[in-house]
Amino acid sequence: MVTKEDLQSKYDKLSTEELLRIIDDKHSYTDLAVSVAISELARRNVMEEEIINYKAKQMDELQQYVRANVVDYLKVWQKVLYYVFFLPILNFPFKRNLAEDGYVLKLKQATYYSWTGFLGLLLAGVLTIGTGNITALLIWSVVFIIAYIYDEQFNRQKLINKLKRIFTQELKDED
């Protein structure tokens, strides 16, 4: 079992920001851990300005999270490219960049359009056996339009509703 002295020794080595994170996320820690973090901050005489800077940094991180998960979505031409170049060998480097940059929504959309591009081409090929290539291209284009409308109307709205639930729950937890 962790003692108060163990926590004091450990928290003495933490940065002020790390201690503020503990207090900010108090529901993930024991009462003893939060109490020791508060005591350590009091011992350090943390200034109000440091707390304000910490909160500003938290707001910036939240804005970046929202931007990467809701606001920044693929442009139409990017959706078309992922739809047409659905093979992983062609689009893997681009998807990897999206993942490394933290663009969760863009990565999900890229994967969605890659899969619908593959399935749309497969469907077009099956439906146009023995007919011309123009018909297959037309069907593949129609599948893109349907996938695009579905993405805009349902996928995006589902994600926004999920984020609303998360933020609503976090606000309830803070009260």
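In this predicted model, helix α5 passes helix α7 in a right-handed crossing. α5 covers residues 76-84, and α7 covers residues 104-127. Two packed helices are described by the angle between their axes and the distance between the axes. Here the angle is about 45 degrees, and the axes of α5 and α7 lie 7 Å apart. The two helices are therefore oblique to each other.

Which residues in α5 and α7 meet? From α5 come K79, Y82 and Y83. From α7 come Q109, A110, Y113, S114, T116, G117 and G120. By class, this contact of α5 with α7 has four nonpolar residues, five polar ones and one charged one.

Now turn to the rings. The structure has eight aromatic pairs. In one of them, the rings of Y112 and Y113 have centres 5.0 Å apart and planes at 85 degrees. Planes over 60 degrees apart count as edge-to-face, so this pair is edge-to-face. Both Y112 and Y113 are buried.

Y112 also pairs with Y150. Their ring centres are 6.5 Å apart and their planes stand at 25 degrees, so the pair is stacked. Y112 lies in α7, while Y150 lies in helix α8, residues 133-174. The pair therefore ties together parts that are 38 residues apart in sequence.

Y150 has a relative accessible area of 40% and is partly exposed.

Ring pairs link Y83, Y112, Y113, W140, F144, Y148 and Y150 into a cluster. Among them, Y83 and Y113 also take part in the contact between α5 and α7.

Note on methods. Residues numbered from 1 in each chain as written. Predicted model: local features only at pLDDT ≥ 70, side-chain atom pairs only at ≥ 80, totals over all residues. Heavy atoms only, no water. Axes fitted to C-alpha atoms, helices over the stretch in contact; angles between N-to-C directions. Helix = DSSP H or I, 4+ residues; strand = E, 2+ residues; numbered from the N terminus. Parallel < 35°, antiparallel > 145°, perpendicular 65-115°, else oblique. Left-handed = near helix turned anticlockwise from the far one by under 90°. Contact = heavy atoms within 4.5 Å. Nonpolar A, V, L, I, M, F, W, Y, C, P; charged D, E, K, R; others polar. Phe/Tyr/Trp six-rings, centres within 6.5 Å; stacked < 30°, edge-to-face > 60°. Buried < 20%, exposed > 50% of the residue type's maximum accessible area, 1.4 Å probe, protein only.
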